[in-house]
Amino acid sequence: MTSKYVMAIDQGTTSSRAIIFDHDGQIVSVGQLEHEQIMPHAGWVEHDPREIMGNVRKVIGLALSNADINRHDIAAVGITNQRETTVVWDRNTGEQVYNAIVWQDTRTAPFIKELAADGGADRFRHATGLGLSPYFSGSKIRWILDNVAGARERAEAGDLLFGTTDSWVVWNLTGGVNGGIHITDVTNASRTLLMDIRKLEWSEEQCAVFGVPMSMLPEIKSSSEIYGYGSKNSLIIDTPIAGILGDQQAATFGQACFEKGMAKNTYGTGCFMLLNTGEEPVISKNGLLTTVAYQLAGQPAVYALEGSIAVTGSLIQWLRDQLGIISTAAEVEQLATSVTDNGGVYFVPAFSGLFAPYWKDDARGAIVGLTRYNNRGHIARAALEATAFQTAEVLEAMNADSGTELTELRVDGGMTANATLMQFQANILGVDVVIPEVTETTALGAAYAAGIAVGFWDGEADVVANWKENRRFTPDMDQAERERQLRLWKKAVTRTFDWVDSDTQ
């Protein structure tokens, strides 16, 4: 029997999904389950790795059942994942030693400040492509080793393993304690502060600085090769697991951004813009990250500049869950269009500090410009516009670092369904915003990586051939108004700086 499909497992920040794609890159079926967001203290965000793994197994079954197929119809499985989220587990028992510490978590900020005091926030940027921040995995591993009783001793004895959630999922699907493979790919490794961005190897020096035993670290692989096969306790027994990409790199791959200068923006829990810079890493001077975009087996790595924004879609969830001014996320557009503009209100959602291009972990969220004239509609509109404004600041930094002006932006993710946001995004950027036919580009990119590895697709050419434009938003705001709006936004951002004092809880 010739396999007709490829499956992608998308282990995200709020849910795990399995999506089955056909050769045209079209969705055949989906299985999805949300997992709990655990917030024990302000600034702490955790997930239960056992719940995640249980949900991964369930969504594989749901996707196969919904498509009325079985593992024999699947040519390969690709994995994409929330990056930086840190899992540490026992190689002998398979048990986690602590909850997964999520990428949004800021508990390691004091340690990061200590490191920055000796050489500045950019002391590791040339080696790793990253500035110092609690965002990345290195300090999260250290926190677990220093704060869980006996963890450091067990790690130094070689009993503990670290991985971002791709590693956790692959290890479990390929057998766990019974021969599970412990790997990651170059894109996820580049988000740890522990990998040499040019050598694509773990750095002994970086590991020593963070106090991470190298025996914990997964083997670094390319983004597209056969790593192993589903074990007998999975629903994908003997199916090749053949692609891994961090979620934002997967979306870049799924958007066919293979040419230097092409860029995409993904609107999810956070917002992440990546600009392909080719086979040489470009070290940012404007608050962006240098990251590995992807690497096909046997080929040079391709690099990207990335602007990471912590809070976009999760701000809409906050309006729903914490404020209760909407009952579903989709209602935000209706509420936002009940007013003609933002009424002078600007919402800076620095709930986890500010990411690109500021990197201020002591910032906190602010709503500014309020008068008695304002109502729920203005708050909703300001929340939507916050996503577009943050993206505009990232693009400004990208243009400065790359020396080129972006001419269009490919976009994907759940918030692209919001036409009001997409039009405002085009207006505030001053460039066309383009939505593809298949907006599940994160999962699609992982599927393509896996399918290319087993010959289901013929390299990047098939990805380019499959990509099709669905809708285009063209700017209709004049330059003077664009500049006025951006000036007021940047003024609002400054009001969030330096909020956290030493005695702030």
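Predicted model: local features only at pLDDT ≥ 70, side-chain atom pairs only at ≥ 80, totals over all residues.

A: Residues are numbered from 1 along each chain as its sequence is written, and side-chain values use heavy atoms, with hydrogens and water left out.

Q: Start with β17. How many of its residues are buried?
A: Six of the six, residues 289-294, so β17 is largely enclosed by the rest of the structure. Buried means under 20% relative accessible area (1.4 Å probe, protein chains only). Strands are DSSP runs of E, at least two residues, numbered from the N terminus.

Q: Which strand is joined to β17, and how do they run?
A: β18, residues 302-309; the two run antiparallel, with five bridges between them. Two strands pair if DSSP finds at least two bridges between them.

Q: What does Thr291 stand opposite?
A: Ala304 in β18.

Q: New topic. Where is the cis peptide bond?
A: Between Ala356 and Pro357, with omega about -5 degrees. Pro357 sits in the loop between β19 (346-348) and β20 (366-368).

Q: What about phi at Trp359?
A: Positive, about 55 degrees, and Trp359 is not a glycine. Trp359 lies in the loop between β19 and β20.

Q: And Glu84: what is its phi, about?
A: About 70 degrees, positive, though Glu84 is not a glycine. Most residues other than glycine have a negative phi, and most peptide bonds are trans.

Q: Is Glu84 buried or exposed?
A: Buried, at a relative accessible area of 1%. Glu84 is in the loop between β5 (74-81) and β6 (87-90).

Conventions. Buried < 20%, exposed > 50% of the residue type's maximum accessible area, 1.4 Å probe, protein only. Helix = DSSP H or I, 4+ residues; strand = E, 2+ residues; numbered from the N terminus.
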